[in-house]
Number of protein chains: 2
Amino acid sequence: MSVQERKQRERAERERLIVATARELAEQQGWDAVTTRRLAERIEYSQPVLYSHFRGKREIIGAVALEGAAEMATALRAAASVADGPRARVTALARTYLDFAARNPAVYDAMFQLDGGLAFAKEETPQPLKDAFAALLDSLGEVAGDGVHPGRFTEVFWAALHGLATLTRAGRMPPEDTEQRVELLVDRLAVL
Amino acid sequence: MSVQERKQRERAERERLIVATARELAEQQGWDAVTTRRLAERIEYSQPVLYSHFRGKREIIGAVALEGAAEMATALRAAASVADGPRARVTALARTYLDFAARNPAVYDAMFQLDGGLAFAKEETPQPLKDAFAALLDSLGEVAGDGVHPGRFTEVFWAALHGLATLTRAGRMPPEDTEQRVELLVDRLAVL
DNA sequence: GACCCGATCCTAGCACCGCTAGACAATCGA
DNA sequence: TCGATTGTCTAGCGGTGCTAGGATCGGGTC
């Protein structure tokens, strides 16, 4: 059995390598540059090997998205836990979210802009995605205000953050005033 | 001179045909289906003809985006003009924006998701884009609140709308509660 | 009215894409 | 040691955006 176990380990290791390489390449040169040929060359295997791990390019994007969601959830919870008081917590949350999007644009795209074949807002939604949303909900629920459904409030706040993240990065909005936009958002949206 | 004028007219007419066909095809089957070959076939010319009008596919997307921006600006101004009172005006504006995005998903993508090679938030930004933003600014500036820069307020409000539009359409957010999200957004963000 | 020449358009092809069939080699179990 | 299974590769399919170069058509001039 030990031989099979070793092979399984090596296979899992290679799968991690594929995802990590795809992510790295995407961050360096954008997702357009992540072709199956280039990816195969970088991991030093032939193209069809990719298809023994993933159904296609979409699934590779999906894997990067899940990895990113887990990281984002961790970052959000960490930021929320060190801040004291609802206001500081929400502000830290918003800053952390936008910071993550700015520092990991390709991962952010995999999560929210590209088609990674993942289900959202459904029962079959993968756990990391649910958890990232839950991380937002945990901090935002307490500032939703009376009579406002916490989930709905979180959706709206999240949408605003997502809009700021994408429009800024796509050059639709000057990047300098991000901090002031965050303050405005927190001041107005949250009930403190 | 009349012959040249006729030719110019025909050329301009064909250019409109290209843009309209690209838009139609994109709305019917998504932008992935808008290939230069299919587009050429639909307008009943050969592929290279497209390149005598546009530098490439990007510029065609950009042309659709500009057309869409002009329409959106018109729709926003129309909605704002019939509502009386700041609150009704802002609500109508938000609804109209989201409605436009939902009814013209491909055009909306051309404007804000895809790369149409257009400049944003700069001096050389094409007029229709500036005008669409101005349409938002006209109605939103009056509810920015004291001491808040109207442009910045508009950016934040716009980002929230953009987030709602894209996340809803991409299935990241259940579409049923849109109206309640709009109300929450207007209630909290606008100073009435 | 005939001819030339420039504008216009098309055929054919480039390099690349995602993905897959089928040949081949290495490894395992009997 | 041999057969079967597993794993990997080469080669190729139909598609993409884009372009070079030849054919054709029509207006302007003699």
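A residue is near a strand if one of its heavy atoms lies within 4 Å of that strand. The exercises below apply this definition to a predicted model.

**Exercise 1.** Determine how many residues surround DNA strand C, and state which are the closest.

*Solution.* 
1. Applying the definition, one finds that 17 residues surround DNA strand C.
2. The closest are A:T35, A:T36, A:Q47, A:K57 and B:S46.
3. Of the atoms of DNA strand C that come within 4 Å of the protein, sugar and phosphate account for 52%.
4. Sorted by class, the surface near DNA strand C has seven nonpolar, five polar and five charged residues.
5. At least two residues of this surface are supplied by each of the following helices: α2 (36–43) of chain A, α3 (47–53) of chain A and α3 (47–53) of chain B.

**Exercise 2.** Identify contacts between the protein and phosphate oxygens of DNA strand C, using the cut-off of 3.5 Å for a pair of N or O atoms.

*Solution.* 
1. The side chain of A:T35 has an N or O atom 3.2 Å from a phosphate oxygen of DNA strand C.
2. A:K57 takes part through its backbone, where an N or O atom lies 2.8 Å from a phosphate oxygen of DNA strand C.

**Exercise 3.** Determine how helices α4 and α5 of chain A are arranged relative to each other.

*Solution.* 
1. The axes of α4 (residues 57–82) and α5 (residues 86–103) of chain A come within 8 Å and cross at roughly 150°.
2. Angles over 145 degrees count as roughly antiparallel, and α4(A) and α5(A) are therefore roughly antiparallel to each other.
3. The crossing of α4(A) past α5(A) is right-handed.
4. The residues of this contact divide into nine nonpolar, two polar and two charged.
5. Residues of α4(A) that meet α5(A) include A:G68, A:M72 and A:A79, while those on the α5(A) side include A:R89, A:L93 and A:F100.

How values were computed
Residues numbered from 1 in each chain as written. Chains lettered and ligands numbered in written order. Predicted model: local features only at pLDDT ≥ 70, side-chain atom pairs only at ≥ 80, totals over all residues. Heavy atoms only, no water. Polar contact = N/O pair within 3.5 Å; in protein donor to acceptor, adjacent residues only side chain to side chain. Helix = DSSP H or I, 4+ residues; strand = E, 2+ residues; numbered from the N terminus. Nonpolar A, V, L, I, M, F, W, Y, C, P; charged D, E, K, R; others polar. Axes fitted to C-alpha atoms, helices over the stretch in contact; angles between N-to-C directions. Parallel < 35°, antiparallel > 145°, perpendicular 65-115°, else oblique. Left-handed = near helix turned anticlockwise from the far one by under 90°. Contact = heavy atoms within 4.5 Å.
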